[in-house]
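Work through the exercises below with the model open. Try each task before reading its solution.

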Amino acid sequence: MIIQFKTRLLVLATALSCAVAGVAAAADVKPRLIRFGYGLNEESVQGRAARFLAQELEKVSDGKLKMKTFGSANLGSDEQMQGALAGGAQEMMVGSTAPLAGMVKEFGVFDLPFLFNSEKEADAVLDGPLGQDLMKKLEAKGLVGLVYWENGFRNMTNSKRPITRAEDLQGIKLRVMQNQIALGVFNTLGANAVPMPFSELFTALETRTVDGQENPITTIQSSKFYEVQPFLTITRHVYTPWVVLASKKWWDTLSPDEQKLIRQAAAASRDFERKDSRADSTKAMTTLEQAGMKINTVTPEEVARMRQKVQPVVDKYTQELGPDLVKQLNDEIQKARN
Ligand code: TK8
């Protein structure tokens with residue numbers, strides 16, 4: 001009787017200690033060094049989330065999976081890193097979906113303007129069927145999509161004038177992400193859109209190679225665009241995400257346990273990053289005001305006008321991206337909205 005009880009206790013204790021030690025100890029996890037690249041600087045939302053991811057990964061792997069992070073496009077622009085991952089020369093990165101559309105055109109859906117009304121809607125679509133299906137399409141191109149981080153709603157800055165109406169964009173050389181839809185949208189609104197990698201943007205603004213750009217408030221603050229751009233116009237014209245990617249060539253050499261730990265750490269980084277981004281957005285706005293930027297918000301009527309102006313671009317790319325996909329997108333947004 002007593003012996004039986006003791007045996008049971010021992011079995012229970014063993015089971016418990018295994019659970020506490022976590023997956024890493026028992027699992028097939030080798031010491032590895034993972035290079036993780038990103039485009040913004042270390043003091044940005046991206047920088048903080050990259051450090052969080054590195055720490056989380058060390059924690060869940062008992063120090064076996066070590067991540068070295070490289071900010072400020074030190075491993076290359078988003079596009080260059082995408083190529084490095086596909087070729088197996090770099091393990092991981094985070095970047096915008098816009099340049100990914102060059103590999104999997106369907107990622108262009110996130111460049112369609114005036115889709116989402118709130119971060120909540122974006123989360124629902126990105127973490128839901130549409131966002132996940134898009135990530136699966138990357139595998140054929142040599143990339144593994146892990147999670148979406150928030151980049152956010154984009155607003156315009158420039159060195160010439162406040163944008164109160166679309167017409168104010170006339171004659172403004174506006175840097176846009178390297179993506180056909182972004183190019184079409186801003187040219188149609190009246191700007192002279194110039195596609196350029198983010199890594200070249202600050203210098204281009206400083207030297208007046210371009211007059212303006214568009215990015216979320218958090219980036220306008222962390223990249224110090226306020227030093228060279230006196231005007232900020234709140235348009236929230238598009239919500240664009242970042243996606244955390246792994247090289248498929250490299251991913252396929254990992255054990256299932258290692259893949260599981262990376263997925264787990266990536267999911268934690270997504271939750272951390274979105275929360276941080278939303279809190280930082282409010283703080284960044286104050287910084288921009290204090291830095292003396294002249295800030296205006298376009299009226300809802302003007303947003304409606306802009307939306308109407310770009311409708312032909314939306315129609316054109318709805319055909320190219322696939323009307324079913326765009327319908328699915330709008331349905332998923334509606335569902336999240338209600
Ligand atoms: C950083 C970019 C950036 C994006 C852009 O590498 O290019 O304007 O918003 O966040 O991905």
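## Cavities

Helix H3 (78-87) and strand S3 (92-96) each supply at least two residues of the lining of the largest cavity. The model is a predicted one.

**Exercise 1.** Describe the largest cavity by volume, lining and residue class.

Solution. 
- Step 1: the volume is about 230 Å³.
- Step 2: 21 residues line the largest cavity, and Asp78, Ser96, Arg175, Met177 and Phe198 lie nearest its centre.
- Step 3: sort the lining by class, which gives 10 polar, 7 nonpolar and 4 charged residues.

**Exercise 2.** State how many cavities of 30 Å³ or more the structure holds, then describe the second largest cavity.

Solution. 
- Step 1: there are 2 cavities of 30 Å³ or more.
- Step 2: the second largest cavity has about 70 Å³ of space.
- Step 3: its lining includes Asp111, Arg154, Met177, Glu214 and His237.
- Step 4: helix H6 (residues 180-189) makes the largest contribution to that lining, 3 residues.
- Step 5: by class, the lining has 6 nonpolar, 2 polar and 3 charged residues.

## The largest pocket

**Exercise 3.** Find which element gives the most to the lining of the largest pocket.

Solution. 
- Step 1: the pocket has a volume of about 220 Å³.
- Step 2: its lining holds 13 residues, with Gln132, Met135, Gly145, Leu146 and Arg263 nearest the centre.
- Step 3: H5, strand S4 (143-153) and helix H10 (256-290) each supply at least two lining residues.
- Step 4: S4 gives the most, with 5 residues.
- Step 5: the classes are 6 nonpolar, 2 polar and 5 charged.

## Helix faces

**Exercise 4.** Which residues of H3 are buried, and what covers them?

Solution. 
- Step 1: Asp78, Met81, Gln82, Ala84 and Leu85 are buried in H3.
- Step 2: viewed down the axis of H3, these buried residues fall within an arc of 165°, so they line one face of the helix.
- Step 3: the cover includes strand S1 (32-37), S3, S4, S10 and helix H9 (248-251).
- Step 4: look just past the helix, where Gly88 has a positive phi of about 85°.

**Exercise 5.** Which residues of H5 are buried, and which are exposed on the other side?

Solution. 
- Step 1: Leu130, Gly131, Leu134 and Met135 are the buried residues of H5.
- Step 2: they cover an arc of only 135° around the axis, which puts them on the same side of H5.
- Step 3: Pro129 and Lys136 are exposed on the other side.
- Step 4: H4, S4, strand S10 (239-247) and H13 are among what covers the buried residues.
- Step 5: tie this to the pocket, where Met135 is among the residues nearest the centre.

**Exercise 6.** Check the span of helix H13 (residues 323-337), then locate its buried face.

Solution. 
- Step 1: at 1.5 Å a residue, 15 residues should span 21 Å; the end C-alpha atoms are 21 Å apart, which agrees.
- Step 2: Leu325, Val326, Leu329, Glu332, Ile333 and Ala336 are buried in H13.
- Step 3: the buried residues of H13 fall within an arc of 125° seen down the axis, so they line one face.
- Step 4: Asp324, Lys327 and Lys335 are exposed on the other side of H13.
- Step 5: the cover of the buried residues includes helix H4 (119-127), helix H5 (129-137) and helix H12 (311-321).

## Single residues

Definitions and conventions:
Residues numbered from 1 in each chain as written. Predicted model: local features only at pLDDT ≥ 70, side-chain atom pairs only at ≥ 80, totals over all residues. Heavy atoms only, no water. Helix = DSSP H or I, 4+ residues; strand = E, 2+ residues; numbered from the N terminus. Expected span 1.5 Å × (residues − 1). Buried < 20%, exposed > 50% of the residue type's maximum accessible area, 1.4 Å probe, protein only. Arc of directions from axis to C-beta. Contact = heavy atoms within 4.5 Å. 1 Å grid on protein atoms, 1.4 Å probe; cavity = no way out; pocket = protein on both sides within 12 Å on 5 of 7 lines; lining within 4 Å. Points joined across faces, edges and corners; volume = space filled by probe spheres on them. Nonpolar A, V, L, I, M, F, W, Y, C, P; charged D, E, K, R; others polar.
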